[in-house]
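Please keep the sequence and the coordinates at hand while reading.

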Amino acid sequence: MSRRLSWLNVTALTFGFAFLYLPILLLVIYSFNASQLVTVWGGFSTKWYAALVRNEALRDAAWVTLRVGFLCATVATILGTLAAIALVRHGRFRGRTLFTGMVYAPLVMPEVITGLSLLLLFVAAGLDRGFGTVTLAHITLTMCFVTVVVQSRLVSFDRALEEAAMDLGATPLRAFLSVTLPLILPAVAAGFLLAFTLSLDDLVIASFTSGPGATTLPMRIYSQVRLGVTPEINAASTLLIALVSAGVIVAALLTKRSAHLQGRV
Amino acid sequence: MAVASLRERAGRAIVIGLPYLWLAIFFLLPFLMVLRISLSDPVTAQPPYEPVLRRWTSLAEWREFLLGLDFDNFETLWSDDLYWRAALSSLEIALVSTGALLLLGYPIAYAMARAPERTRPLLVALVILPFWTSFLIRVYAWIAILKPEGLLNAFLLWLGVIAQPLAILNTPNAVYLGIVYAYLPFMILPLYASLERLDPTLIEAAQDLGSTPSKAFWTVTVPLSLPGVVAGALLCFIPIVGEFVIPDLLGGSDTLMIGRTLWSEFFSNRDWPLASAVAVVLLLILVIPIVVYREIEAQRWEAQP
């Protein structure tokens, strides 16, 4: 099917991608606008970035967000990978249906419900809302995404490699660490990055489960946006977009490398 | 050997048990909390609801606790038509925008599946990239475009199409636009997955047998891509029903959506029990499409030889 595309298909692609990218592109361009008005181009300027660096509230929020994201992504990657192995390798076990449901439900669950329900749990358990509770909430949400990513990799994984290692005397743990893990590592890394960006991005669940002193960047951006559009937020958004794009490109390269490795084995 | 199998069982217990336990505590248990608090009454105290069970061991306290639970919040939801309108309007917005997403996403996914094999990974990456970029920022970007003194109005005025700036921001149209924009990748990817797998020889066969390209499309391509259509529609419909960020930032104060109602009951009115009752209702609304989907899936499996 490598014929040339019909003009209809080309139109669909052009229009589709223009629609997807134009708003982001405009945001990035206007973060370098010297004028505060969107419709007036006041010349190229990086003053909003300078203002951003001086904005202590945003800086603190960014720091909280990065710490939550890193901690959350680490734990979520471990739990999510374990869950993926359980689903792919351990066939039928008691409560598998419930387990599968619990893995897939958070993916589509409206965030207001997840946020509210976790908050009620934390209050009932007597936990103080703050850094810890946001992290716990984000782990719960993002581990399921890690599971989906790692699972798709494990399904196409040749089990004979693992069995060969065990026939040669390796314990299951050893076989996992020295054969399986290196081969699924790109998917695990991609899962980590996905968990990290999801945590970085979340507004709703963080608003429910966070407390004083643990305001995340999306919460800060949201409250500033509600007060009115400010060019500083454009600058902050541009930085976030750059960060995420870099992450996605790294993840894509890792996946490509993994496909290459798989092809060699 | 006995040691090895013991180890194996321990490993299995960790691999399954750890994520299982985590999800049971942080995903399942919270729903029971929502259910229990939706039956409580709001009070100005900490925690802001009653009854509260203070001693697990005392039977008398359990009795009092259970007697304190009632369905008052659900009666409030039932009798106040604000909640009815919010629920219906959420469903309407979700249905209309899922339809719009299908109409817009299908041609794009189709063109992607027809693109030369070498360029397909790049196209997929281009669809995924906005999905990874902050949801909040992507919605926020539309404010600068849609507001009365924003880019779209400036452009239309410059073209001379309109004489007065259009009021788009803070209207339902802005909400539809924002939803379609934010959820488009979720629609394209499952559609693409099912269209890409489609065997092109089937279409060639249909054309060889004399059907026109459009007939081949409607009788071969569309039915075979139906699983992707259903998956994409559900993947969009379910979160859209409970959407909060988009109606809050792009919609007007009269844009009712149930997710937003829940949010304001919780944050503005501080009525946790009522917010929990709204969450229960929202969950019940969402169970319906999932059951329908499972029915369709089951029928499809039965239909297959």
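Within the largest nonpolar core, which has 157 residues, the members that touch the most other members are L116(A), A109(B), V139(B), Y183(B), L262(B) and V278(B). A nonpolar core is here a set of buried Ala, Val, Leu, Ile, Met, Phe, Trp, Tyr and Cys residues joined through C-beta atoms within 7 Å. A residue counts as buried if 20 or more other C-beta atoms lie within 10 Å of its own, as exposed if 12 or fewer do, and as partly exposed in between, with C-beta atoms placed from the backbone. The greatest contribution to this core, 16 residues, comes from helix α8 (residues 172-196) of chain B. Helices (H or I, at least four residues) and strands (E, at least two) are DSSP runs, numbered from the N terminus. Domain 1 (15-70) and domain 2 (76-303) of chain B each supply at least three residues to this core; the domain bounds come from an automatic or database domain assignment.

The model is predicted, so local features need pLDDT of at least 70 and side-chain atom pairs count only at pLDDT 80 or more, while totals for chains, interfaces and linings use all residues. Residues are numbered from 1 along each chain as its sequence is written, and chains are lettered from A and ligands numbered from 1 in the order in which they are written. For chain B the average pLDDT, the predictor's confidence in each residue from 0 to 100, is 85, and 96% of the residues score at least 70. The model has an ipTM of 0.83 and a pTM of 0.85.

The contact between the chains takes 69 residues from chain B and 61 residues from chain A, two residues being in contact if their C-beta atoms, placed from the backbone, lie within 7 Å. On the side of chain B that touches chain A, α1(B) gives the largest share, 20 residues. That side has 55 nonpolar, 7 polar and 7 charged residues; Ala, Val, Leu, Ile, Met, Phe, Trp, Tyr, Cys and Pro count as nonpolar, Asp, Glu, Lys and Arg as charged, and the others, Gly among them, as polar.

Inside chain B, the centres of domain 1 and domain 2, taken over C-alpha atoms, are 35 Å apart. Between these domains, 9 residues of domain 1 are in contact with 9 residues of domain 2. On the domain 1 side, α1(B) gives the most, with 4 residues.

Chain A has 11 helices and 0 strands. Of its 265 residues, 45% are buried.

N170(B), in the loop between α7 (151-159) and α8, has a phi near 65 degrees, and it counts as partly exposed because it has 19 C-beta neighbours inside 10 Å. R270(B), in the loop between α13 and α14 (272-303), has a phi near 55 degrees; R270(B) is exposed, with 12 other C-beta atoms within 10 Å. Most residues other than glycine have a negative phi.
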